[in-house]
Amino acid sequence: MRLAILYCLLAIFLDNISAQSDFRPGYIITNSLDTVHGLVDYRSEIRNMKICAFKKAEGDSIHDFLPGEIYGYRFNSGKFFVSKKIQTKEFNDTVFVEFLLKGISNLYYYSSLSYSAYFIESKDGELMELKSRDVRFEKDGVEYDQKDNKYVGYLIYAFVDCPEMRKDIIRADLSHKSLIQLTRKYHDYKCGDDACVVYEKELPVLKIELKPTVGYAFTGLTFSDSELESVDFRVSSSPFIGLGLNFIVPRLNEKMSILINVAFNKDYFYGSTFHPNLYSYYHIHNSNLITSFSIKYTYPLGRFRPELFAGFFGNSIVKSNTDFYTEGIRNNIVFSTKDSPDIFRRFNGGLIAGLGVEYMLFGKRRAFSNFSYLFGRNTQNSEINTTFSSFRLATGITF
């Protein structure tokens, strides 16, 4: 039952964070080219190209603008989106495109779940698609896949009146940096007096953060379908150390990331039972290496930044010692026995969810503290079932 509840909470969590608003200072430009300043909702790149959510001030009602209803919108000193009609073999719609560079030839970028491309706009307003496609061909009876680089030919055509750029065009690739440099160079060749305007906000393709961690774990263990079911094991409490890697794709969504954590700790579970003339003591020592994979949401603004995460974990039991003692009296004779059964499988798993806060220290350094809950229900050796639950408090620094 608890496992099903955790799955439901995970689904609700992912649905809620994907709809989280993040209004930042910016402005919209109407179709009559009037500028209206206010707050614009900052979401993922894909959503920003579908809709613009705008309000004039905090507390005001939100107005959703679709492509074509306004000329465009921009975050202050940040990304700039304009309405454009895209007509290609694969895509036909009016959308918001990211305005990367304004010059003699304008440069745009569009991305959705099924289609993405760059566009160069000529003086007469025609959009020329720059896109690489996968091409399959057969040679000597073997099929091969390769990239179609027709975009190089389109670039040569777009800059045909500037032959000195041919080598630069051949070396260009389909990336923001490469195409912005190329288009800016063309502008400088053809119009040295007026500088072009670059609107793109520099964002890395992938950002990896290192997060060393220390913390304390409170872990419970119960058994079912065995004689150990009646044993009430005490909660194990122990320190742990860990290391996290946080993978962020800022161009897709700077608030969402993939968090991989590895932590090591030792658990000690003690239990006992008593029957007339018979005492039993149970000692379990496990050394655990727990690896978790979570989707993490972090609110990106302010000194204190709340965070939520949820996902899955795997527990590799590096070492396990189980000692069961029995003492009793039989026929007025005191006796004792010891057994060391191999109970645990070497790998178990379950769900993890948590919440916390990051806070700025100095420069780009951030500290963090969080609380997490791990839950797993697994079948062990001899078909013994265990339920594992752990409350963990952690703190660390993000590099």
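Q: Which elements each supply at least two residues of the lining of the largest cavity?
A: They are β14, β15, β16 (253-275), β17 (278-298), β18 (304-330), β21 and β22 (385-398). The names follow DSSP runs numbered from the N terminus, with strands as E runs of at least two residues and helices as H or I runs of at least four. This is a predicted model: local features need pLDDT of at least 70, side-chain atom pairs count only at pLDDT 80 or more, and totals for chains, interfaces and linings use all residues. Residues are numbered from 1 along each chain as its sequence is written, and side-chain values use heavy atoms, with hydrogens and water left out.

Q: Thanks! How many residues line that largest cavity, and which lie nearest its centre?
A: There are 22 lining residues, and Asn261, Ser292, Ile352, Asn370 and Ser372 are the ones nearest the centre. A cavity is a set of points on a 1 Å grid over the protein atoms alone where a 1.4 Å probe fits but cannot get out, and lining residues have an atom within 4 Å of a point.

Q: What does the lining look like by class?
A: The largest cavity has twelve nonpolar, six polar and four charged residues in its lining. For this count, Ala, Val, Leu, Ile, Met, Phe, Trp, Tyr, Cys and Pro are nonpolar, Asp, Glu, Lys and Arg are charged, and the others, Gly among them, are polar.

Q: How much space lies in the largest cavity, and how many cavities does the structure hold?
A: The largest cavity holds about 310 Å³ of space, and there are three cavities of 30 Å³ or more. A volume here is the space filled by probe spheres set on the grid points, which are joined across faces, edges and corners.

Q: What volume does the second largest cavity have?
A: About 130 Å³. It is lined by 14 residues, and Leu221, Asn315, Ile317, Asn348 and Phe388 are the closest to its centre. Two or more lining residues come from each of β16, β17, β18 and β22, and β18 gives the most, with three.

Q: And its lining by class?
A: The second largest cavity is lined by six nonpolar, seven polar and one charged residues.

Q: Which element gives the most to the nonpolar patch?
A: That is β15, with three residues. Both β14 (207-224) and β15 (236-249) supply at least two.

Q: Where is Phe362, and is it buried or exposed?
A: Phe362 sits in the loop between β20 (347-360) and β21 (366-379). Phe362 is exposed because its relative accessibility is 59%. The cut-offs are under 20% for buried, over 50% for exposed, and partly exposed in between.

Q: Now salt bridges. How many does the structure hold?
A: It holds 13. Each is a side-chain nitrogen of Lys or Arg within 4 Å of a carboxyl oxygen of Asp or Glu.

Q: What about Lys211 and Glu358?
A: Their side chains form a salt bridge, with N to O at 3.1 Å. This pair links distant parts of the chain, as Lys211 is in strand β14 and Glu358 in strand β20, 147 residues apart. Lys211 is buried at 4% relative accessible area, and Glu358 is buried at 2%. Both also belong to a network of salt bridges with Lys207, Glu209, Lys296, Glu307 and Arg366.

Q: Where do Lys185 and Asp168 lie?
A: First, the contact: their side chains meet in a salt bridge at 2.9 Å, N to O. Lys185 lies in helix α5 (residues 176-190) and Asp168 in helix α4 (residues 166-171), so the pair ties together parts 17 residues apart in sequence.

Q: Last one: what is phi of Ser382?
A: It is near 60°, a positive value in a residue other than glycine. Most residues other than glycine have a negative phi. Ser382 is in the loop between β21 and β22, and Ser382 is exposed, at 67% relative accessible area. Glu383 also has a positive phi near 60°, and its place is in the loop between β21 and β22.

Definitions and conventions. Buried means under 20% relative accessible area, exposed over 50%, partly exposed in between (1.4 Å probe, protein chains only). On a 1 Å grid over the protein atoms alone, a cavity is a set of points where a 1.4 Å probe fits but cannot get out, and a pocket is an open set with protein on both sides within 12 Å along at least five of seven lines; lining residues have an atom within 4 Å of a point.
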